[in-house]
Structure formats: structure tokens, C-alpha cells
Amino acid sequence: HEPAADLGVMLAIASSSKNVALPDDFVCIGEIGLTGELRHVTKLEERLFEASQLGFKRCIIPKTDNQKIESFPDGLEINQVRTIQEALELLGLCD
């Protein structure tokens, strides 16, 4: 089990239930806690670098106090959220 994939799996399920496709240039990285909070993941900068190398332009990552990434040098747009709800709102997947 790769905890950093939690957010991607959850957003894929949400987009499927709404019959709305996620953007092609979008990637998400984050572990989900039991109360819906997003948690820090290891090797985040390496993961972001790899995502940018693969052509992704936008991403969602956990916003935590000990992890501050405002921008990424390769032009990857960084969106930091604290909860699942914030991620769903960012992608227009909530009612």
C-alpha cells in the first residue's frame, strides 16, 4: 500500500460518481487520515519533480505546517489543501 496514492484513488472515485473527468494535466499526492485530513507524504519534492518530467502541469498536495512548497521550478502549479473537502471543491466535484 502506497499512502501517497490515497488522494488520487479518492478523487478518481468521486469523479466517477459525478461522471466528471479529472483534468489530463493534473496529478495529486497525499495520504488521507480517518477524519478526512490530508497528511504529509515522504519524498514529496522528488514526486513533484517526476510529475513535472512526465508532463503534468497542476497538482494537489497536502498543506501541512512542516511542509511549505509554494511553487516548483519546473512550472508545476502547486495547490495545497488540508482536507478531502478542499480537494473536491478545488476540482468542482462537490455538491
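**A close look at helix α2**

Guide: α2 is followed by G55, and the phi of G55 is positive, near 100 degrees. Now step back into the helix itself. α2 covers residues 44–53.

A word on confidence before we go on. This is a predicted model. The mean pLDDT of the protein is 91, and 93% of its residues reach 70 or more. Among the elements, α2 has the lowest mean pLDDT, at 92. Strand β2, residues 31–32, has the highest, at 97.

Which residues of α2 are buried? They are L44, L48, A51 and S52. These residues lie on the same side of α2, because they cover an arc of only 95 degrees around the axis. An α-helix has 3.6 residues a turn, so residues three or four places apart point the same way.

What covers that buried side? The cover includes three strands: β1 (26–28), β4 (58–62) and β5 (77–81).

Next, find R47. R47 is partly exposed, with a relative accessible area of 24%. Its side chain meets that of E2 in a salt bridge, at 3.5 Å from N to O. The general idea is simple. Side chains of opposite charge can pair when their charged atoms come close.

How many salt bridges does the structure hold? It holds four. Now look at R39, which takes part in a network with E31 and E37. The side chains of R39 and E31 meet at 3.7 Å, N to O. R39 also forms a salt bridge with E37, and there the closest N and O atoms are 3.1 Å apart. Check how open each partner is. R39 counts as partly exposed, at 37% relative accessibility. E37 is partly exposed, with a relative accessible area of 25%. E31 counts as partly exposed as well, at 21%.

Go back to the strands that cover α2: β1 holds residues 26–28 and β4 holds residues 58–62. Look at C28 and C59. C28 counts as buried, at 14% relative accessibility. C59 counts as buried at 0%. C59 is in no disulfide either; its nearest cysteine sulfur is that of C28. The count for the whole structure is zero disulfides.

One last stop, in the other helix we have named. S15 has its place in α1. Is it buried or exposed? S15 is buried, with a relative accessible area of 9%. What does S15 touch, leaving aside its neighbours within four places in sequence? It is in contact with V20, L22 and L93.

L44, L48, A51 and S52 are its buried residues. G55, with its positive phi, follows the helix.

Terms used:
Residues are numbered from 1 along each chain as its sequence is written. This is a predicted model: local features need pLDDT of at least 70, side-chain atom pairs count only at pLDDT 80 or more; totals for chains, interfaces and linings use all residues. Side-chain values use heavy atoms; hydrogens and water are left out. pLDDT is the predictor's confidence in each residue, from 0 to 100. Helices (H or I, at least four residues) and strands (E, at least two) are DSSP runs, numbered from the N terminus. Buried means under 20% relative accessible area, exposed over 50%, partly exposed in between (1.4 Å probe, protein chains only). The arc is that of the directions from the helix axis to the C-beta atoms. Contact means heavy atoms within 4.5 Å. A disulfide is a pair of cysteine sulfur atoms within 2.5 Å.
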